[in-house]
Amino acid sequence: MKHVLPWLKQYWGLTASISVTIVCGVLFFGFGQTKAADLLTLIFCGIMAAFLTAGIVKTLREGSMGVDVLAVMAIISTLAVGEYWASLIIVLMMTSGEALENYAESRARSELTALLSHAPQIAHKITGDTVTDVPVSTVAVGDLLQVKPGDVVPVDSVIVTGQSAFDESSLTGESLPVEKSVNDHLLSGSLNGNSVVTVRALSTAHDSQYEQIIELVKAASGSKSHMVRLADRYAVPFTGISLFIAGTAWAVSGDPLRLAEVLVVATPCPLLLGAPIALISGMSRAAKHGIIMKNGSALEALARVRTVAFDKTGTLTLGKPTLHKIHPEPGYTQHQLLQYSASLEQHSGHVLANALVEAARERHIELLEAASLREDTGTGMYAVIDGQSVFVGKFAALAVLNIKPVSAAPDHTAVAVAIDGKFAGSIEFADEARANTPATLKYLNRLGISHTLMLTGDNEFTAKRIGANLGIADVRANCLPADKLAAINSLSAQFLPVAMVGDGVNDAPVLAAASVGIAMGAKGSTAASESADVVIMLDDIAKVAHAIDISRRTIHIALQSILIGIAISIGLMLLASTGVIPAPVGAGLQEIVDVIVIINALRAHRGTLATVN
């Protein structure tokens, strides 16, 4: 019962229509109570017409007109000429269409509950020699706080003592952990790595970076325009044609019943049913492929996009560092550098260490025993391997070891390798593009998406390199959340509507502001998923192209269903204008039209998607 009552409450119109139809059927066919059935129908249909009329008045005040006008006119005219059963059938179909539409909209995205629940809640406040857990909302500017390994930084702050690596990927898009030490600033929402640090609060929780992102999402969500119902676009011409045929039939015959007979077959049930069923079928098909469309408006908007904007880290790329190049100095080999560094780093939990070990295993390189291990946080690791002293770490640490590198430190992420006090070479890392990203971009181009751009918080060197490799000319680097919003809002009309694809907390505002926000939800932040219109549940960038493909086919079938229904309805109206189709028969024929439209709309659930690899 607890599941039935919410359903009855949400779909009260359809529930009431079915109930009244059953009661009238029992009264009429079971007890022969014709007048009682007619009276109940008259009251019920009159009430429903009044509700629909109130909605029409509101719509007209907003400057538009929907398909409900014809339905109200058909209900009123059939009641006026005593065709009660025809009126009841019209109401039943109207409420069925409304229920289907409400069902699609009930999948709409929730509010910012997940974003808020994942905001930092607790801070470790230092008072004298004691550390106390306090609500983050009570932290004041100047308070000393302790940030432990694995903690989320509670407020924007500056490091007083200690050093550690901080994961800021969810805030800035930078895929690699950033080393922070004394006097370096920390953003709230960043994740501490493997060392305890003491920080001084620079702002309250309300004024910190994480809270600003939440506010941006709220503002962007409120500014998004509402999509017009697909069927409503055809309401005015269809209504005009219907009224012209009905009015002409009445004028020529002089019989008001002729008006009702025409309006019955003009009831816009095909318009009301065709689009929602196609949309629900398309959404269901998308769900089977791991793509969650939150509502029909999102699907319709996605079918119309001309531009797709991508975040880089974790979206176009893998979101983790991988070995890019090995640069050995003369006398050393790539195999030797990778073997020694991976043998040493297998004992570290650093993200770059994991990348080294993974690369060695992929190349089937045997890892050696490491003795006399020592790790200096933020500097590097030392060990004796195969009788040789090995250092793997920052280029800056070489000066401390009195080792002069032969080549300068690269502009991007790299580690230096020294063997027996001599510079042996360097190993570069990069956040590489996903294997199927190029094929996905070509797929989008075949779908008619000619403009793509990259919006990333990563540095310009890395962003330009990835963009050039993928053939993306429009690359915007060093973007904070507000910068991404500005980039989307600056697009000219020829590039709109725009879909934004992202996965981090920093993408949440722009996902909410874009015409369609697509979140890579498999490993992305809940905040991004909540603020997006479409969520990709699988960690597969190809699903973005699949989502657009499904959306376009769905809208094509929805429009096709609407136009088929309109064409058949006009044909029936012309016949009804001659008086050969009584009102109850017309209502029955309209049901046949509905079945035809529904069968065609259900085709949106089927189809074959291209393989992207």
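Trainee: Which residue stands opposite Val-158 in β7?

Mentor: In this predicted model, Val-158 faces His-185 of β7.

Trainee: How do you know that strand β4 and strand β7 pair?

Mentor: Two strands count as paired if there are at least two bridges between them. β4 (residues 157–161) and β7 (residues 185–186) have 2 bridges, in the antiparallel sense, so they meet that cut-off.

Trainee: What joins β4 to strand β9?

Mentor: There are 4 bridges between β4 and β9 (residues 197–201), and the two run antiparallel.

Trainee: What makes β6 and β8 edge strands?

Mentor: Look at the order first: β6-β5-β8, an open sheet of 3 strands with antiparallel pairing. β6 (178–180) and β8 (191–192) each pair on one side only, and that puts them at the edges. β5 (residues 164–167) and β6 share 3 bridges, and Ala-165 has Glu-179 in β6 as its bridge partner.

Trainee: Why is helix α12 called largely enclosed?

Mentor: A residue is buried when its relative accessible area is under 20%. In α12 (residues 296–303), 8 of the 8 residues are buried, so the rest of the structure largely encloses the helix. Among them are Gly-296, Glu-300 and Ala-303.

Trainee: Which residues form the nonpolar patch on the surface?

Mentor: Trp-12, Leu-39, Leu-42, Ile-43, Ile-47 and Phe-51, with about 590 Å² of accessible area together. To join a patch, a residue needs over 30% relative accessible area. Helix α3 (residues 34–61) gives the largest share, 5 residues, and Phe-51 lies in that helix.

Conventions
Residues are numbered from 1 along each chain as its sequence is written. This is a predicted model: local features need pLDDT of at least 70, side-chain atom pairs count only at pLDDT 80 or more; totals for chains, interfaces and linings use all residues. Side-chain values use heavy atoms; hydrogens and water are left out. Buried means under 20% relative accessible area, exposed over 50%, partly exposed in between (1.4 Å probe, protein chains only). Patches are made of residues with over 30% relative accessible area and no salt bridge: like charges are joined within 9 Å, nonpolar side chains (Val, Leu, Ile, Met, Phe, Trp, Tyr) within 5 Å. Accessible areas come from the Shrake-Rupley method with a 1.4 Å probe; for residues, only the protein chains shown count as cover. A salt bridge is a side-chain nitrogen of Lys or Arg within 4 Å of a carboxyl oxygen of Asp or Glu.
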